[in-house]
Amino acid sequence: LTDLHLSYCGITAGGAAHLAVGVGRSLSLATLDLSGNEIGDSGAEGLGRALAASSTLTALTLMCCGMTAGGAAHLAEGVGRSPSLATLQLSVNEIGDSGAEGLGRALAASSTLTALDLSNCGITAGGAAHLAEGVGRSASLATLELSGNKIGDSGAEGLGRALAASS
């Protein structure tokens, strides 16, 4: 099995924990989509560990999963250590600036992440600044989606500086 799509299947943190064990051990799974399931921060914890353990997972989609900054922190740890993750979609989760801070560090640490979707995640200029730091130090990121966040002029300024530095 290379692709597993379980969007809006009524999966909670318990189910996510079971799936995380499988993801960490799978030698073939490349794509996992759990969008629309209320896995919350506890479900993200197991998935963060699975990211670090999996050598095949390239895409993880967790849109609208009831996560906050705590869940983003767990995922960020896994992203920074993942040998394979290229795409992470976390849109419509209230990770805020604190979650963006951890993900900014993960951007700098990851050598494989090429796309990060944080649209509609409650991020402001402070979170954009943390992400900008990660963008400036990332060796692999090609796409950063921040639509629907209130980053304002100061957030745009920080991202502009990061773009200039990464050229």
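I began with helix 4 and helix 5, which are roughly parallel to each other. Their axes lie 7 Å apart and the packing angle is about 5 degrees. An angle under 35 degrees counts as roughly parallel. The model is a predicted one, and I read every entry below with that in mind.

**Helix 4 against helix 5.** I listed the residues that make this contact. Helix 4 supplies Asp97, Ala100, Glu101, Leu103, Gly104, Leu107 and Ala108. From helix 5 I noted Gly126, Gly127, His130, Leu131, Gly134, Val135 and Arg137. By type, I found 6 nonpolar, 5 polar and 3 charged residues in the contact of helix 4 with helix 5.

**Helix 5 on its own.** I checked its length next. Helix 5 runs over residues 125-137, and at 1.5 Å a residue its 13 residues should span 18 Å. The end C-alpha atoms are 19 Å apart, which agrees.

Which residues of helix 5 are buried? I found Gly127, Ala128, Leu131, Ala132, Gly134 and Val135. These residues cover an arc of only 165 degrees around the axis, so they sit on the same side of helix 5. I recalled the general rule: an α-helix has 3.6 residues a turn, so residues three or four places apart point the same way.

I then looked for what covers the buried residues of helix 5. The cover includes helix 4, strand 6 (143-145) and helix 6 (152-166).

**Helix 5 against helix 6.** The axes of these two helices come within 8 Å and cross at roughly 5 degrees. That angle makes helix 5 roughly parallel to helix 6. On the helix 5 side I noted Ala125, Ala128, Ala132, Val135 and Gly136. Facing them, helix 6 brings Ser154, Gly155, Gly158, Leu159, Ala162 and Ser166. I sorted the residues of the contact of helix 5 with helix 6 into 6 nonpolar, 5 polar and no charged.

**Helix 3 against helix 4.** Helix 3 makes the contact through Ala69, Ala72, Ala76, Val79 and Gly80. Helix 4 answers with Ser98, Gly99, Gly102, Leu103, Ala106 and Ala109.

**Cross-check.** I looked for Leu103 in both helix 4 lists. Leu103 touches helix 3, and Leu103 also belongs to the contact with helix 5. For Val135 of helix 5, I noted contacts with helix 4 and with helix 6. Val135 is buried.

Methods. Residues numbered from 1 in each chain as written. Predicted model: local features only at pLDDT ≥ 70, side-chain atom pairs only at ≥ 80, totals over all residues. Heavy atoms only, no water. Contact = heavy atoms within 4.5 Å. Helix = DSSP H or I, 4+ residues; strand = E, 2+ residues; numbered from the N terminus. Expected span 1.5 Å × (residues − 1). Buried < 20%, exposed > 50% of the residue type's maximum accessible area, 1.4 Å probe, protein only. Arc of directions from axis to C-beta. Axes fitted to C-alpha atoms, helices over the stretch in contact; angles between N-to-C directions. Parallel < 35°, antiparallel > 145°, perpendicular 65-115°, else oblique. Nonpolar A, V, L, I, M, F, W, Y, C, P; charged D, E, K, R; others polar.
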